[in-house]
Amino acid sequence: MRESRPVAVETRHLIQDTLPAISEGGAPAAEVSQYACQRRTTTDNYNVVFTDAFEVLAECYEFNQMDGRCLAFRRAASVLKSLPRGLSSLEETHSLPCLGGHAKAIIGEILQHGRAFDVEKVLSDERYQTLKIFTSVFGVGPKTAEKWYRSGLRSLDHILADQSIQLNHMQQNGFLHYGDISRAVSKAEARALTKVIGETVQAITPDALLALTGGFRRGKEFGHDVDIIFTTLELGMEENLLLAVIKSLEKQGILLYCDYQASTFDLTKVPAHSFEAMDHFAKCFLILRLEASQVEEGLNSPVEDIRGWRAVRVDLVSPPVDRYAFALLGWTGSRV
DNA sequence: AGGCAATACTG
DNA sequence: CAGTAT
DNA sequence: GCCT
């Protein structure tokens with residue numbers, strides 16, 4: 001159970017990837033599924049210029065409570081991210097799903113001028129800029145951000161200075177660790193945390209299985225959080241294990257925030273859709289204190305930061321061992 | 001015209 | 001129940 | 001906004 005050995009498990013993408021064929025010297029063939037879970041997941045995005053634009057528009061629509069349009073641009077971005085190479089002409093979009101008139105117009109504009117009018121307009125909008133900053137705080141969503149904006153607040157300092165604002169627990173932690181959790185997590189930091197969790201698990205149950213999942217498992221160099229899955233060979237004890245791990249992290253003095261969600265997994269009720277069962281396993285969303293001394297290559301922190309530690313968002317999932325093994329097998333077969 | 005993932009937790 | 005998170 |  002060395003942290004680098006276990007096979008990838010990714011909560012959302014348990015369905016087999018279908019790699020789109022690349023026609024010789026031409027456009028990506030019409031092989032992109034309209035379903036995100038069947039699209040190729042890659043480390044590299046060859047269409048950042050377009051996907052960034054779509055994400056700005058999606059965010060804008062989200063701030064304006066236009067969930068449908070928001071979703072449409074999120075999907076469009078997701079489709080382009082799955083492509084094996086960068087778009088170089090509008091024609092290449094013809095076979096792609098989730099790209100309609102608006103999305104194609106944006107692509108055309110960017111291909112031609114390097115930027116799109118609608119996007120530039122959003123980016124220069126004060127309301128958009130402010131809501132973007134507000135929602136970058138963990139625990140602050142569009143509704144709260146909008147409420148603050150309407151009351152005339154324009155910066156995080158304004159929020160913190162306003163005595164009438166009552167932050168909930170999540171938001172308090174969001175502000176408390178703002179710098180840390182909005183800064184990328186390096187692969188070295190993810191490895192260090194995997195080791196911390198691995199040793200914690202090991203100390204409770206010697207016969208445990210554990211794997212680093214999520215983006216790092218797919219080879220990414222940076223992420224915004226660390227996803228780890230683990231279980232015990234003793235079927236039925238996985239929830240106890242997770243609870244014991246949380247207790248131990250607390251005792252170690254590194255548990256800064258914890259949102260625990262008990263298992264809702266029930267074989268009798270969801271046997272046919274056992275893929276989606278990942279959502280039902282015991283899990284927790286944490287903020288952990290990571291010591292610089294535990295990271296081989298040092299923390300991903302600015303040089304002037306002399307604390308010797310940083311906060312990191314960590315998600316732990318603990319499925320029953322039979323599900324764990326199943327997930328590992330499925331993933332191995334699909335990617336190697 | 002109607003749907004867009006689904007769901008658990010907090011306050 | 002509304003709001004946020006994964 | 002895009003799809004059915």
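**Labels and their cut-offs**

Tutor: Let's start with a helix: the buried residues of α1 pack against α2 (67-81), α3 (101-113), α4 (117-123) and α5 (126-135). Contact here means heavy atoms within 4.5 Å. Bear in mind that this is a predicted model, where local features need pLDDT of at least 70 and side-chain atom pairs count only at pLDDT 80 or more, while totals for chains, interfaces and linings use all residues. Residues are numbered from 1 along each chain as its sequence is written, chains are lettered from A and ligands numbered from 1 in the order in which they are written, and side-chain values use heavy atoms, leaving out hydrogens and water.

Student: What makes α1 a helix, and how does its reach compare with the expected span?

Tutor: Helices are DSSP runs of H or I with at least four residues, strands are E runs of at least two, and both are numbered from the N terminus. Helix α1 (residues 48-63) has 16 residues. The expected span is 1.5 Å times one less than the number of residues; α1 reaches 22 Å from first C-alpha to last, close to the 22 Å expected.

Student: Why is Asp 227 called buried?

Tutor: Buried means under 20% relative accessible area, exposed over 50%, and partly exposed in between, using a 1.4 Å probe and protein chains only. Asp 227 has 15%, so it counts as buried. This residue lies in strand β4 (residues 226-232).

Student: And what about Asp 315, buried or exposed?

Tutor: Buried, because its relative accessibility is 13%. Asp 315 sits in strand β7 (residues 309-318), and its contacts beyond four places in sequence include Asp 225 and Asp 227.

Student: Which residues does the "binding site" annotation cover?

Tutor: The unreviewed UniProt entry lists Asp 225, Asp 227 and Asp 315. They span 91 residues in sequence, yet no two of their C-alpha atoms are more than 7.4 Å apart, so they gather at one spot. UniProt positions follow the numbering used here, feature names are shortened, and annotations may be inferred rather than shown by experiment.

Student: Which residues are around DNA strand C?

Tutor: A residue is near a strand if one of its heavy atoms lies within 4 Å of it. Among them are Gly 141, Lys 143, Arg 313 and Asp 315.

Student: What makes the Arg 313 pair a polar contact?

Tutor: The definition asks for N or O atoms within 3.5 Å; within protein, one must be able to donate a hydrogen and the other to accept it, and residues adjacent in sequence count only if both atoms are side-chain atoms. A polar side-chain atom of Arg 313 lies 2.7 Å from a phosphate oxygen of DNA strand C.
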